[in-house]
Amino acid sequence: MRKNEVPQDDANMLEGKTRELQYALDENGSYVEVKSVGWEPKNIVMQQAWEEVKENINYAIEEIEKGNKSPIYFFMHKNIMDEKILAEYTGFWIFIVKRHLKPSIFKKISKSKLQKYKEVFKLDSVNELINFDAKKELEKIKFEI
Amino acid sequence: MKIEFNHKMSAHCENGVTANLLRHYGIELSEAMVFGIGSGLFFTYLPFIKMNGVPVVSFRPLPGLIFKRVNKALGVKTKTYRFPKNPEKAMSLLDEKILEGIPVGMVVGVYNLTYFPAPYRFHFNAHNIVVFNKDGNIYSVSDPIMENIETISYNDLKLVRYAKGTYKPKGKMYYMTYVPKEFDLRNAIKKSLNKTAKYMTVYPGQVIGDRAMRMLAKDIRKWPVKYDRRKAAKYLGSIVRMQEEIGTGGAGFRFMYAAFLQEVGNLLDNAELAKLSEEITLIGDKWRLFATQCARVIKSRNNTDITYDSVADLLVEISYDEKAFFNKLLKVNL
């Protein structure tokens, strides 16, 4: 790859916070470091990965509205977690986390356990869990890809 | 005492941390040189191990190896700690070392790394940073991926040092205790070339080097038959992500290695190495083409000219190119 061929396809993947170093050849055939803001094929596969997260989030909302899952299910997917990672972050057993995903059990969860979920999901208060508002939560999701 | 730390950005975090720490102690090596001496060029395909639901494809050796190999080659002594159950100890030891004037390298997860670009914040736990100052509750961080020095709070740092998921860092931290004034760079280079080539050619096994690429190519052809469109595309996309996502310097480290070969070719006045540098550059260009074509397969529904079969064909071609390249590298006379 030549220096002038280093792509600068900006899809705001780096949010202006940094650029990536790429190695490319200059006019004399010497390798130099060139900073890049992005490359289209890569943007496509990154968007693909986030697309999946988005689909999971929407699926979670559907399931919650149908009464199949508790709000924890939404925040789990929003944080790109599965039951295993969530269990590790909260310190609960995985089967406990799975139980908490059931709406009937969720209603009975103790304050201290909800507090733990609040911390892991970085919520402002446990109310976001108890009085789950899908529309409001969706608006909070910062970056649109 | 405030540590003056000369932060230099790099493509890959582990190279960058190694180079930045060495520079702090007076050894100036480029990222490409660190990567080369650490025998960082690699390829592996592990279809039986899934990470985040995708079979593992990697263009680099296990995390931590480059740092280890470079230090061994140069005679640098290091100290490494892990505190699986004691985050408080991991943080207090860090504070202690910083006060002593020692910059500390550590492994962190990027998901909760507050200064990181949000689109890159997945549950990836093998990121390396150097922490070198503490001001009240705020640490100064030299993160090789970032252009500038960043800061992070005590609580956030503790959180990322104890990230959960695959490959937990468990508070792993390391620093240099002895850095020699003189070292045999020529010998280090020579050994590393041999090691890289051997890993990619001689060592037995289907899962490393050009054979792994052909095995992957074979599986790529099966994906659209075996799985639905989404899953097949996800698998293909994950290869491109491993190849190009932050840290490889383009083409799955192939360009970085070309830069290394060029640098040592000049250093040792060896025309053979300069020629090999050109060769791996061409291979890198093919990897870039591979990524472009994969992205097109993923994006378009009815593509007739570029398919899973054609990207697999290209991968097979690359595998033979690499086989020839590494066999030549193995025979280089230094």
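The axes of α1(A) and of helix α8 (residues 229-244) of chain B come within 9 Å and cross at roughly 130°, where axes are lines fitted to C-alpha atoms, for helices over the stretch in contact, and angles run from 0 to 180 degrees between N-to-C directions. That angle makes α1(A) oblique to α8(B), since angles under 35 degrees count as roughly parallel, over 145 as roughly antiparallel, 65 to 115 as roughly perpendicular and the rest as oblique. This is a predicted model, in which local features need pLDDT of at least 70 and side-chain atom pairs count only at pLDDT 80 or more, while totals for chains, interfaces and linings use all residues. Residues are numbered from 1 along each chain as its sequence is written, and chains are lettered from A and ligands numbered from 1 in the order in which they are written.

**The helix pair**

- Pro41(A), Lys42(A), Val45(A), Gln48(A), Ala49(A) and Glu52(A) in α1(A) meet residues of α8(B), among them Ala233(B), Gly237(B) and Arg241(B); two residues are in contact if their C-beta atoms, placed from the backbone, lie within 7 Å.
- Sorted by class, the contact of α1(A) with α8(B) holds five nonpolar, two polar and five charged residues, with Ala, Val, Leu, Ile, Met, Phe, Trp, Tyr, Cys and Pro counted as nonpolar, Asp, Glu, Lys and Arg as charged, and the others, Gly among them, as polar.

**Where the chains touch**

- In all, 33 residues of chain A are in contact with 39 residues of chain B.
- On the side of chain A that touches chain B, two or more residues come from each of β1 (20-25), α1 (40-66) and α3 (83-90), helices (H or I, at least four residues) and strands (E, at least two) being DSSP runs numbered from the N terminus.
- The largest share of that side, 10 residues, comes from α1(A).

**Nonpolar cores**

- The largest nonpolar core has 116 residues, of which Val131(B), Met256(B), Tyr257(B), Phe260(B), Cys294(B) and Leu315(B) touch the most other members; such a core is a set of buried Ala, Val, Leu, Ile, Met, Phe, Trp, Tyr and Cys residues joined through C-beta atoms within 7 Å, and a residue is buried if 20 or more other C-beta atoms lie within 10 Å of its own, exposed if 12 or fewer, and partly exposed in between.
- Helix α10 (residues 271-299) of chain B gives the most to this core, with 11 residues.

**An exposed loop residue**

- Ser125(A) lies in the loop between α6 (111-120) and α7 (127-130) of chain A, and Ser125(A) counts as exposed with 11 C-beta neighbours inside 10 Å.
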